Amino acid sequence: MKNIFTLSVSLFALIAGSPLAAQDEEREDTTEPEIVVTGQGLEPALSNIVYSTVTLEREEIVSSGSGRIDDVLSNVAGFQQFRRSDSRSSNPSAQGVTLRALGGNATSRALVLLDGVPISDPFFGYIPLSSIAPETLSSVRITRGGGSGPFGAGALAGTIELESAGPDTLGPVAASFLINDRAETEASAAIAQNLGSGFAVLSGRWDRGQGFFTTPDGQRVPATARAAFDSWQIGLRGVAPLSEDVELQTRVSIFDDRRTLRFDGADSSSEGQDASVRIVGRGEWEFDALAYVQARNFSNVVISSTRFVRVLDQRNTPSTGLGGKIEVRPPIAEGHDVRIGADYRRSDGELQEEAYSAFTGALRERRRAGGTNSNLGLFVEDDWSIGPIVVTGGLRADYTRIQDGFFRAVDANAVLVSEAVASNRSDWALSWRAGASYYATRRLDIRAAAYTGTRLPTLNELYRPFVVFPVVTEANAALENERLQGLEIGINWQPVNEVVLSLTAFDNEVKNAIANVTIEPNLRQRQNLPAIDAQGIEAALAVRAGQFSFDASLAYTDAVIAGEGASLALNGIRPPQTPRIAGSATMSWQPADGWRFAGTLRHVGAQFEDDQETDRLAPATTIDLFAKAPLAGRFSIIARAENVFDEEIVTRNSSGAIDLGRPRTVWLGLRIGI
């Protein structure tokens with residue numbers, strides 16, 4: 001891990017000391033053109049207008065009721081976490097995100113990028129949501145549907161692109177401090193400094209609190225604990241020009257997240273150290289090259305829900321992720337935007353855990369499990385503009401390899417209990433996407449697209465069993481890659497300048513969908529389902545009228561499992577953790593510079609806990625509020641409220657054992673320049 005930081009510090013030193021980062025006054029007497037760095041990647045592909053794409057601007061990002069990125073993303077129709085819990089009161093390993101209600105899975109079916117770098121956990125595939133500080137972002141772009149561009153093998157359900165803000169947005173200093181009615185605190189700060197023609201941003205955030213009781217009053221016992229949380233993150237980012245049209249971008253970040261769930265001693269931790277280097281060229285031959293490395297770890301203690309003692313200590317799950325990509329945009333022909341490239345991702349990790357007797361507390365077993373997954377992708381895409389028509393097509397080939405997989409358990413005396421060594425295997429997968437957009441009139445755009453996609457099972461799904469006491473879920477080293485095929489048709493209509501309406505109808509199918517399948521009342525196993533079919537409609541409405549704005553988003557999805565053979569009993573049922581309807585609406589008012597008032601109504605329909613459709617999660621409707629009032633200079637007062645009417649949000653229902661989501665929470669604080 002120290003090598004990551006040594007490398008990053010050296011790169012920042014090169015940026016600060018480079019003659020290319022000379023002071024502006026030293027360049028004023030020359031005839032050289034002004035060098036401008038952006039800190040961004042290449043311009044978004046024109047194909048974005050063909051697919052179902054939503055962009056969240058900075059004002060929306062920093063005006064949520066909770067101040068957390070998962071809350072921000074929940075305003076987009078189709079976005080879903082595995083569970084309804086937010087990133088303070090869920091187990092970190094359950095923070096998988098997906099789009100289009102393609103079935104609940106703790107592994108992400110959507111690709112999440114931060115400045116072009118995948119950020120999912122190498123072992124589990126979850127997204128470390130608490131490590132993302134919304135106030136450091138400039139924009140978020142969500143593209144729904146299978147992807148075939150860079151890192152497209154992870155974009156089974158779509159792509160979420162997070163872009164960092166620079167000094168122009170943050171100013172020299174940006175900070176905030178808030179405290180809520182449970183005496184929990186949220187503190188963040190960013191220092192952004194122009195360095196010659198480049199810049200550097202140092203940022204950090206610390207969230208801590210006693211949390212709330214996720215257990216209802218009637219089910220609490222002496223061992224019941226609040227969902228306490230304590231997480232922090234520090235990031236350093238630098239950008240410098242290498243030439244007139246080539247810039248270097250570097251990033252290093254560390255985070256640590258600790259939580260307690262349900263019972264005293266049921267503690268989890270998630271930590272990471274990430275570094276990346278990116279070179280972006282904006283000349284005649286545009287290119288985007290990056291490399292990254294991740295060092296992550298996870299731990300979790302499972303407490304018996306009947307005897308309230310430790311039964312499992314997942315004490316250590318170290319993992320490493322590394323990868324990179326090269327994308328080139330050659331000037332081949334007028335009207336064509338061609339992208340050619342390759343990417344590579346490699347993940348390795350090992351579970352280290354001990355199981356204990358719930359009756360004596362004695363050690364029963366020591367378990368180890370892990371392996372290595374890798375993916376090499378080759379891709380080409382072309383956007384062709386023909387007057388009012390844009391036609392796009394992309395092809396991607398992925399070579400996936402699963403190797404060195406194993407599971408081993410020994411008893412307290414080191415006597416072998418069980419051992420399994422998985423066979424190494426590899427495969428080639430071909431995926432594609434194509435579509436067209438037609439500007440029928442100045443105010444009406446019609447689009448249609450079709451696509452396929454693939455996702456490699458994670459090390460967690462292949463080799464790591466887990467327990468949510470008393471239910472045991474077994475891993476499955478024989479899992480096959482998930483495959484998606486889908487199509488969609490949509491319109492963007494602007495009847496008047498102040499109103500934009502978007503409608504998309506889609507039909508997606510995930511073959512070999514990985515799910516936790518019930519075998520016995522307290523036993524499940526990860527298995528490939530024949531398919532999950534999801535058809536639905538996504539709608540968005542944006543209205544701008546002077547000082548007022550209104551943004552609404554709605555998703556209706558009819559998703560079912562297509563079962564056969566061993567899973568025939570599941571045929572026709574709705575996938576677990578999948579609502580039929582979800583939506584949000586935000587009204588905001590900015591009466592003057594620096595002032596902002598906003599309210600968000602959010603609804604999530606009923607869901608089922610598992611594949612038996614016996615434990616139901618009732619629908620929930622919540623209202624969040626946000627207010628910002630300037631004081632003096634760059635100082636403002638911030639007030640926020642989550643779940644204003646204290647709606648009961650059921651996040652887990654295991655045969656009547658309930659977990660609840662965030663209750664009413666009121667925040668008050670001070671903000672500088674954000």
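A cavity is a set of points, on a 1 Å grid over the protein atoms alone, where a 1.4 Å probe fits but cannot get out, while a pocket is an open set with protein on both sides within 12 Å along at least five of seven lines; lining residues have an atom within 4 Å of a point. Grid points are joined across faces, edges and corners, and a volume is the space filled by probe spheres set on the points. By this rule there are 14 cavities of 30 Å³ or more.

This is a predicted model, in which local features need pLDDT of at least 70 and side-chain atom pairs count only at pLDDT 80 or more, while totals for chains, interfaces and linings use all residues. Residues are numbered from 1 along each chain as its sequence is written, and side-chain values use heavy atoms, with hydrogens and water left out.

**Largest cavity**

- The volume of the largest cavity is about 650 Å³.
- This cavity is lined by 37 residues, and the closest to its centre are Ser74, Phe79, Arg84, Arg602 and Val604.
- Strands and helices here are DSSP runs numbered from the N terminus (helices, H or I, have at least four residues; strands, E, at least two).
- Among the elements that supply at least two residues of this lining are helix H4 (69-73) and strand E30 (596-604), and the largest share, four residues, comes from E29.
- The lining has twelve nonpolar, 16 polar and nine charged residues, where Ala, Val, Leu, Ile, Met, Phe, Trp, Tyr, Cys and Pro count as nonpolar, Asp, Glu, Lys and Arg as charged, and the others, Gly among them, as polar.

**Second largest cavity**

- The second largest cavity holds about 450 Å³ of space.
- Of its 32 lining residues, Ser120, Arg345, Ser347, Leu456 and Thr458 are the closest to the centre.
- E17 gives the most to this lining, with four residues.

**Second largest pocket**

- The second largest pocket has a volume of about 1,100 Å³.
- Its lining has 49 residues, of which Val54, Thr55, Ala540, Ala542 and Asp551 lie nearest the centre.
- E27 provides the largest share of this lining, seven residues.
- By class, the pocket lining divides into 20 nonpolar, 19 polar and ten charged residues.

**Surface patch**

- Val173, Ile191, Leu202, Trp206, Trp232 and Ile234 form a nonpolar patch on the surface, with about 550 Å² of accessible area together.
- Strand E10 (198-209) and strand E11 (229-243) are the elements that give two or more residues to the patch.
- A salt bridge is a side-chain nitrogen of Lys or Arg within 4 Å of a carboxyl oxygen of Asp or Glu.
- Accessible areas come from the Shrake-Rupley method with a 1.4 Å probe, and for residues only the protein chains shown count as cover.

**Single residues**

- Buried means under 20% relative accessible area, exposed over 50%, and partly exposed in between (1.4 Å probe, protein chains only).
- Glutamate 327 lies in strand E16 and counts as buried because its relative accessibility is 5%.
- Most residues other than glycine have a negative phi.
- Phenylalanine 151 has a positive phi of about 55 degrees although it is not a glycine, and this phenylalanine 151 is buried, with a relative accessible area of 2%.
- Aspartate 404, in strand E19, also is not a glycine and has a positive phi of about 60 degrees.
- Aspartate 404 is partly exposed, with a relative accessible area of 45%.

Conventions. Patches are made of residues with over 30% relative accessible area and no salt bridge: like charges are joined within 9 Å, nonpolar side chains (Val, Leu, Ile, Met, Phe, Trp, Tyr) within 5 Å.
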